Amino acid sequence: MKRAAAALTAVAALFVAGCSSSGDEEGPGPTPSGDRSGRPDDGKASGMRGMTLPSWNTEDYRSPQAGTYLRQIAATGARWVTFTPTWYQDRITDSAMRVTEETASDDSLRAIVRQAHDLGLKTMVKPHVDIRKGGDRAEIRPKDPDAWFAAYERFITHYAQLSAEAGVEQFSVGTELAGTSEDGERWGKVIAAVRARYKGPLTYAANYDEYKKIPFWKDLDVIGIDAYWPLADKATTDAAALREAWQPVVKELAAFSERQHRKVLFTEAGYVSQRGSTTAPYSWTVSKRDGDAEQAAAYEALLAVFEGKSWWAGVCWWMWDDWPGSGETAKRLAYTPHGKPAEKVLRKWWGKG
């Protein structure tokens, strides 16, 4: 998910109506992965009750607010927290990405991983690449693919090494890079380079309209999907109707998991607290009208539908509170469930209600 309004509005018409864990399953710390040719050890596909805490500035993760956010996340019953250090490229055709003033510093990332561990939270690092001068990361199609993939390998292995040293429990090799993710050969080389540095479970965070096209699931331990499926064609607070809307997706994902011999993790899922959020979950700006009840109904429907599915590895919600002074969307309208009915839904399902 991007910070600005998502640029995927056009896909909403393609699929209308159609990071909690399975039981008490817990994921392990980093350990060598199993045989890539068959089903991975299911113990390595973590059962995730998670929340994402993104960063937008160099020292966000080392700010006074960081510990407060982590304690609040843990208080929901979450067992995992995901961090998203981000590098940037100016245009979708550029051949490299770079650190900017919006990139979390390495020291701040190490510090927040330590804080999370001290609170008993497990961690996933999910590095992002974003665009500074217009465009969505899903649209990245570099003019020089060889140069871009070489730069991307340097970027992602940097965080793989940091994650290994920090004891991060799970790692994502990429997020929503649909313009490049069908290049199985180049991605295979990137994943091998990550494996050389990080021995824990690996995933890739594919967008919901991207995951079927990924050729390298066999190289990873768990299928990651950013689960922004539109569930309705108009605003609704009817959790039963939303549960019904999920049913075609459930059938589709169960079959896909079986074919790939891997569990499915929702590396992201979320809904702004705006009226109509279930019609376009990927959008930060569905409307200017409060939608707390719709957000809560969407949380309830997702957890009710997927909880207990043997092939489901859990969810990491997008996202907790924004950092002071950095929010572009007012908290009452933003993705955060904090202090809203959706937080009560989480506490009910995750045992802190």
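**Exercise 1.** Is T52 buried or exposed?

*Solution.* The model is predicted, so local features require pLDDT of at least 70 and side-chain atom pairs count only at pLDDT 80 or more, whereas totals for chains, interfaces and linings use all residues. Residues are numbered from 1 along each chain as its sequence is written, and side-chain values use heavy atoms, with hydrogens and water left out.

Step 1. Apply the criterion: buried means under 20% relative accessible area, exposed over 50%, and partly exposed in between (1.4 Å probe, protein chains only). With a relative accessible area of 0%, T52 is buried.

Step 2. List the neighbours: leaving aside residues up to four places away in sequence, T52 touches T82, T84, C316, W317, W318, M319 and W320, contact meaning heavy atoms within 4.5 Å.

**Exercise 2.** Determine how helices α5 and α6 are arranged.

*Solution.* Step 1. The axes of α5 (residues 239–260) and α6 (residues 292–306) come within 9 Å and cross at roughly 45°. Axes are lines fitted to C-alpha atoms, for helices over the stretch in contact, with angles from 0 to 180 degrees between N-to-C directions.

Step 1. Angles under 35 degrees count as roughly parallel, over 145 as roughly antiparallel, 65 to 115 as roughly perpendicular and the rest as oblique. Helices α5 and α6 are therefore oblique to each other.

Step 2. Residues making the contact include W246 of α5 and F306 of α6.

Technical notes
Helix = DSSP H or I, 4+ residues; strand = E, 2+ residues; numbered from the N terminus.
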